[in-house]
Amino acid sequence: MTLRPLVLASLLALGAGSAWAEDMKMAVTTSFANSGLAEVLLPEIEKDTGITVQLLVVGTGQALALGAAGDVDAVLVHSRAAEEKWLAEGNGTHRREIMYNDFVIVGPAADPAGTKAKANALDAFAAIAEAQAPFVSRGDDSGTHKMELALWKDAGVDPAGEWYRAVGQGMGAALNTAAGMNAYILADRASWLNFGNKADLAIDFEGDPVLFNQYAYLPVNPEKHPHVKADLVEKLEDWLVSDTAKGLIEGYKIADQQLFVFNAQPK
Amino acid sequence: MNDIWQGLAQALRLVLGLDADLIEISGLSLQVSLGATLIASVIGLPLGAWLAINRFRARRVVIAVLNALMGLPPVVVGLFVYVLLSRSGPFGVLGLLFTPTAMVIAQVIIITPIIASIAHQAIRDLWADYHDLLISLNTSRAQRIRTLLWDGRRALMTASLAGFGRAIGEVGAIMIVGGNIDHVTRVLTTAIALETGKGEFGLALALGFVLISLAVLVNLAVHFLSRTERSGRW
């Protein structure tokens, strides 16, 4: 082997993009990242605070696991019960509610299970089970998955059988599967509106308050992981609950629909 | 089918428009995969040669294991490296998780067995021809390995390029240890996975075409630089 390719390769060597002071890592849910809101907020955060927030886009389960291992500085997720358990285990300092959006039941435009006529989300879920209409579940321990399981439980249905397909993937991949099978699926509104491959699917059911989806910001406990950038995490929290953030979050629209409602309380 | 044409058109638009994000993620793809190939070659080529000329008791087992490791599932390698590099893992203090360095480490583990196995096969054939000569010249082990590596350089280049091919197209491991962070660890394959997840099949395919073109270009460049496949030289 001549030296040339080696030299060439070395020229392109492993520049491990060394971090300049003000970087922090935050694990967020796929639904938050897919909504497109991150692309609006991150440049403003950088401008106002000088913090470059590096996003790790994963399911709520993995996001909390990354926080517990100390691999990120903060997490922004939406699954209250899991968050409180995580805090009780000493993984974080506190939980700060930031905003909420809502889930919708997406399904075939023809709505074979008749969910449109139902009075609430639980009845709609029961109707899908009754009709044995194909339903795609995230099945990945994400916040959306946990919400779906809670709805099945409250609807008194044990989801199992040929019609219930757990794909074990992110929101987008699950939506692709639902589009391919023309199946029902529980999705957050933002991911659905931003989704590019809608095929024959449409929103069949929406608007029940039990479908509200509360996002909370949880700093990783610096006593457990001394290397976390607690000062940056605090600065980011202050920004996220500020009026600037409120304006940007409530002003964010897709197809003329407001996606998120800001509901952070002052300390 | 429509998506494929759209993808091709979009790929052309991105490339001709010198899209800044595209250049960034393509550059990182090359950096990580070439870096990994370089390191894996430095380990794998001499290892393959050493295995070819040495006779020891466990040789068959070692070679069989090495061949089996060619099929290492990237997602398992990724998870393994993740657990090692996690802040809660043994190498956590280095803070390497979710950096390009972590991606290089994972890829080195994946492709070293491929490079070593192919190198071993090539060198073994060469060693059959050179055996008597090198023994009669009373050469040392290191000299034999050096000679074999040099004279087998064409075949060894194929070994390295096979490793590179696996590395540049790999997504399972680098998704886990890199995290697909925008502007930090996003490469072509993880970007394709992301766009597919968003249902943006056109853009995902466009990135796929760019990835394939890059792999072809790198192979062509290596052949050109090492002057193989030219008239009069076989």
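Biologist: What makes a residue of chain B count as buried, and what percentage of the chain does?
Modeller: Buried takes 20 or more other C-beta atoms within 10 Å of a residue's own, exposed takes 12 or fewer, partly exposed is in between, and the C-beta atoms are placed from the backbone. By that count, 46% of the 234 residues in chain B are buried. For chain A the figure is 48% of 267 residues. Mind you, this is a predicted model: local features need pLDDT of at least 70, side-chain atom pairs count only at pLDDT 80 or more, and totals for chains, interfaces and linings use all residues. As for labels, residues are numbered from 1 along each chain as its sequence is written, while chains are lettered from A and ligands numbered from 1 in the order in which they are written.

Biologist: What makes β1 and β3 of chain A a pair?
Modeller: Strands pair if DSSP finds at least two bridges between them. Leu76(A) takes part in both pairings, with Val28(A) as a bridge partner and Tyr217(A) as the partner in β9(A).

Biologist: Why do you say both faces of β3(A) are covered?
Modeller: In a regular strand the side chains alternate between the two faces of the sheet. Here Ala74(A) and Leu76(A) on one side, and Val75(A) and Val77(A) on the other, are all buried.

Biologist: What does helix α6(A) pack against?
Modeller: Its buried residues, among them Phe125(A) and Ile128(A), pack against β4, β5, α7, β7 and β8 of chain A.

Biologist: Which domains is chain A divided into, and where do the bounds come from?
Modeller: The bounds come from an automatic or database domain assignment: domain 1 is 23–100 + 212–262 and domain 2 is 102–211. Contact means C-beta atoms, placed from the backbone, within 7 Å. That gives 19 residues of domain 1 of chain A in contact with 20 of domain 2. On the domain 1 side, α2(A) gives the largest share, four residues.

Biologist: What makes 141 residues one nonpolar core?
Modeller: A nonpolar core is a set of buried Ala, Val, Leu, Ile, Met, Phe, Trp, Tyr and Cys residues joined through C-beta atoms within 7 Å. The largest such set has 141 residues, and Ile185(A) and Val177(B) touch the most other members. Helix α5 of chain B, residues 100–136, supplies the largest share, 16 residues. Both domains of chain A give at least three residues each.

Biologist: Which residues does Val177(B) touch?
Modeller: Leaving out residues up to four places away in sequence, the list includes Gly78(B), Val81(B), Leu97(B) and Met103(B).

Definitions and conventions
Helix = DSSP H or I, 4+ residues; strand = E, 2+ residues; numbered from the N terminus. Contact = placed C-beta atoms within 7 Å.
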